Amino acid sequence: MKLYVNLARAVVQALEMIFENDKYADKVIEKVLKQNPKWGARDRRFIAETTYDIVRWYRFLQNITETEDANYWRLLGGWCVLHNIQLPDWEEFKGLNEKRIHERDMKMRAIRRFRESIPDWLDTLGETELGELRWEAELKALNEEAYVVLRANTLKISAEDLQRELAVSDIETDLLEDFPAGLVLAERQNVFRHPAFKEGFFEVQDAASQFIAPFLRVEPGMRVIDACAGAGGKTLHLAALMKNKGRIIAMDVEAWKLEELQKRARRAGVSNLETRFIESSKTIKRLDNSADRLLLDVPCSGLGVLKRNPDAKWKLSPQFIDEVKTLQLHILEDYGTMLKPGGMMVYSTCSILPSENEKQVESFIAKHGDKYEFVEQKHSWPSEGFDGFYMALIKKK
């Protein structure tokens, strides 16, 4: 493969925006790709995949290229050497020694924090919480490329019919045995331009995320609150499971996310949804003892989704994780009041840390065992193939 200067510049520009301007990788890629509509599918794939790969292996590439400052050209050069792409005779690659890179590559693979390209503090935290064997397995899996998984919108189409619909456009998928509405793409591609997406026939939603809505045990006709709805992937799944019957109140502290959810709901044909912006504690108070089911998909470290958000490991800090754990307990305690007696709620995260998951639930039940009882819990581990999620079902007495 030959490295072209315009594509290399695009990758370096994207890396600068991610690391220097603290922008989210997915938004950066989207912005960079819009700059040149003449790039073909292969060029666009190279820019996106190479950028993500360098972000994922940032610390490892820094070490094998002996790059101390923010020299993204050197990191790209190191990436090329590892992928057997001949380095062009460009000024930006001067001083890179291929033999030296290969030597350091072998040396760095003996040290886990370099081999798996992760900050020291996060490596220590993961091993402390999960133990060495579990942490090594999950860390390795989190550095693999994520599958693209679809959820058929069963308000409009079955997974089998969606599979046939996509196959007409040469988009091959495999049905997922444990996920009635799930399909995984055989090959990564942009499915958002497909007419089936515009018709609301599917959403892109990881398989592990598709565990959560069914875990809440919703039924048509119920009154359900999704209190941390965000842009609403799980909200729309709940609507499909409820067959548009009953009522869903989707809430969030960020109004723009609820606006995005409303657009997605219109496309999906969801008619039993109401959105409410959480302005203050009064918004929660007004809904006391009103919900049959409550979903609390709380803010978290996001460690379970590093496959698709590799930049997060460079943006996280111990302080942030401590703060988010305080927020998680606050949400459990304050939002649980919206449940009716006999109602059930799911506490869920996209983290794999026990301190954000079962430990939080144990702490909550220990403190409020007179009002709530633990029913069951489920882990989805990255090493099992998809994202890392945790969910606990809790019943109000």
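Asp297 is found in strand 8, which covers residues 291-297 (strands, marked E and at least two residues long, are DSSP runs numbered from the N terminus). The model is a predicted one, in which local features need pLDDT of at least 70 and side-chain atom pairs count only at pLDDT 80 or more, while totals for chains, interfaces and linings use all residues. Residues are numbered from 1 along each chain as its sequence is written, and side-chain values use heavy atoms, with hydrogens and water left out.

The unreviewed UniProt entry lists Asp297 together with Asp252 under "binding site"; UniProt positions follow the numbering used here, feature names are shortened, and annotations may be inferred rather than shown by experiment.

With a relative accessible area of 18%, Asp297 is buried (under 20% relative accessible area, using a 1.4 Å probe and protein chains only). Beyond its neighbours within four places in sequence, Asp297 is in contact with Ile212, Cys228, Lys234, Ser348 and Thr349, contact being heavy atoms within 4.5 Å. With Lys234 there is also a side-chain to side-chain polar contact of 3.0 Å (a pair of N or O atoms within 3.5 Å, one able to donate a hydrogen and the other to accept it; residues adjacent in sequence count only if both atoms are side-chain atoms).

Turning to Asp252, this residue lies in strand 6, residues 247-252, and counts as buried at 8% relative accessibility. Residues touching Asp252, apart from those up to four places away in sequence, include Cys228, Lys257 and Arg276. A polar atom of the Asp252 side chain lies 2.9 Å from the backbone nitrogen of Glu254.

Key. Helices (H or I, at least four residues) and strands (E, at least two) are DSSP runs, numbered from the N terminus. Buried means under 20% relative accessible area, exposed over 50%, partly exposed in between (1.4 Å probe, protein chains only).
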